[in-house]
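User: I have this structure open and would like to learn how to read it. Please take me through it feature by feature.

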Amino acid sequence: MFALEIELLTGGYRASLPDGSRAEWPPHPERVFSALVQAWGDGGCDARERAALEWLESLPAPLIEASDRIDCSERLAPSVYVPPNDSPREKDLAALLPERRRRQSRNFRVTIPENPVVKMIWLEAQDESKHRAAIAALAHRVSSIGHSASLARVAMTEANDKDAPLWTPDDEGETSLRVAHPGRLGRLEKWHTNDVRPQVGVFVRYRRPGVAPSIEVAKSAFGGSDDWFVFEDTGGSRPDILAFAHVAKCARASLMTHGPQPPPEIISGHAPDSAPSSEPHIAIVPLANIGWPHSSGDLLGFAVVLPRVLRSEDRRAVLKALAGFAYLDTGEEAQAEMRLSRTMRWRVERTAAPSRASLKPARWCAKSRSWASATPVLLDRFPDRNDPTEEARLIAASCRNIGLPEPIEIEIHKHSAIKDAPSAYPARGNPSIPDWSFPESVKFANRPRRHVMLRFADVIEGPVIIGAGRFHGFGLCLPLVEESEF
């Protein structure tokens, strides 16, 4: 075992989460690793120290001895106005002059913990003695963690208080922290050489101090809240939710254009031979104002949902495509314009802190035994003679296809149990009510559509997205609030 002790010399920790939504606490292991990398670069890039850093980034996520968030206070410094980075899309060169540069508001958040000492603890670290001296030398040269004003003393230590609060890696934990990973040092070097801002790396879920290990629950193949990238309506020609198949096709085509070439399976959903991919890939789902007492049924945006288990190179490919699709322009959020047709232009904004509850991924990623479809489930094939028993078997199989157990109860309906969610088919005898529309030549356009209510024997964790159209916004289910377990 070895540990790094970090003492916050000013009593505060100045750092924000990547989305800027709040102060960061506890210090993310990746922050500490980056500080060590900076000390290595400032110290002349010693070969032995580099080997030690490569060894450190290969270790599992550490335990973190730090005050619980409830034992911390957060302080906001006064807002300051600073010029943003020069945009490569800036056409007016005069706007780059100091007196004409734009100014944007920035807040620098500070966490004041009850105990200003934090420890990163690696319980199992092979070849520790080989790299101990190099890690100690790097730690000695670190002057700050996070913001440059967040002064810190870093040193190796052996002491470990068994009664101290510990943040523990746990797949069921509610807090996601960034950690170092193999290859992180090389990527930091490349970004530094190319004068590019470092990108977010790998996240690991942690359990807060004092929280008992959670009971393992079944999860779908689609990722939780941290794997949702939300785009919110900001104007233009906003489509109806009944046309979401067109939105999903347009969004996927844009991501394929802006991502690595040729488009990888994780984005396109197709293997190199154009056959449907057998690997998990992204889903694009609608986020609508439904399920509330005064909901309207309007489409408010959409989300790109990553698989729960994803290779690092596939995640990088998706992040690159998202960065190209929604670029940082004059504001703080990433803007994009979707060309749905010759005349329809829908503007959306990528946001890490959605302004409306209907747009928040946590709503769809809760834990519950009972779920109801918000968009129709497309059956994988036509049941013989519309046999409801066979339909139920197809729906049960679609749950297995995303890694969930079969439901113990399945109700099949034409209309959704979710208020203001659109029906699977328009009302009989009323041709004025529009039906779902699909792009030409899509294979699932003529599949039978059903709304369902599912009840499982045990609590499962969302999102639940099932059926033949699950990658295109169909089969999206909402947990029933009265039985949810958050």
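Analyst: Let's begin with one side chain: Arg141 counts as partly exposed, at 34% relative accessibility. Here buried means under 20% relative accessible area, exposed means over 50%, and partly exposed is in between (1.4 Å probe, protein chains only). Keep in mind that this is a predicted model, where local features need pLDDT of at least 70 and side-chain atom pairs count only at pLDDT 80 or more, while totals for chains, interfaces and linings use all residues. Residues are numbered from 1 along each chain as its sequence is written, and side-chain values use heavy atoms, with hydrogens and water left out.

User: Which side chain does Arg141 meet in a salt bridge?

Analyst: The general idea is that side chains of opposite charge can pair when their charged atoms come close. The cut-off for a salt bridge is a side-chain nitrogen of Lys or Arg within 4 Å of a carboxyl oxygen of Asp or Glu. Arg141 meets Glu49, at 2.9 Å from N to O. The pair links distant parts of the chain, 92 residues apart: Arg141 is in helix H3 (residues 128-141) and Glu49 in helix H2. Helices (H or I, at least four residues) and strands (E, at least two) are DSSP runs, numbered from the N terminus.

User: And is Glu49 buried or exposed?

Analyst: Glu49 is buried, because its relative accessible area is 8%.

User: How many salt bridges does the structure hold?

Analyst: There are 26. Asp226 and Arg205 form one of them, with their closest N and O atoms 3.7 Å apart. That pair also links distant parts of the chain: Asp226 sits in the loop between strand E13 (218-219) and strand E14 (228-236), and Arg205 sits in strand E12 (residues 202-207), 21 residues apart. Asp226 is partly exposed at 37%, and so is Arg205 at 26%. There's a network too, in which salt bridges link Glu24, Glu30, Arg31, Arg178 and Arg184.

User: Let's move to helices. What span should helix H7 have?

Analyst: The expected span of a helix is 1.5 Å times one less than its number of residues. H7 has 14 residues (312-325), so it should span 20 Å, and its end C-alpha atoms are 20 Å apart, which agrees. Its buried residues are Asp314, Ala317, Val318, Ala321, Leu322 and Phe325. They cover an arc of only 130° around the axis, so they lie on the same side of H7. That arc is taken from the directions from the helix axis to the C-beta atoms.

User: What lines the largest cavity?

Analyst: It has 13 lining residues, with Pro29, Leu56, Pro62, Trp122 and Ala180 nearest its centre. Helix H1 gives the largest share, four residues. By class, the lining has 12 nonpolar, no polar and one charged residues. Ala, Val, Leu, Ile, Met, Phe, Trp, Tyr, Cys and Pro count as nonpolar, Asp, Glu, Lys and Arg as charged, and the others, Gly among them, as polar.

User: How does the lining of the second largest pocket divide?

Analyst: That lining has 15 nonpolar, 10 polar and eight charged residues. The second largest pocket holds about 920 Å³, and among its 33 lining residues, Gly269, His270, His281, Phe471 and His472 lie nearest its centre. Helix H5 (residues 244-258) supplies the largest share, six residues.

Terms used: On a 1 Å grid over the protein atoms alone, a cavity is a set of points where a 1.4 Å probe fits but cannot get out, and a pocket is an open set with protein on both sides within 12 Å along at least five of seven lines; lining residues have an atom within 4 Å of a point. Grid points are joined across faces, edges and corners, and a volume is the space filled by probe spheres set on the points.
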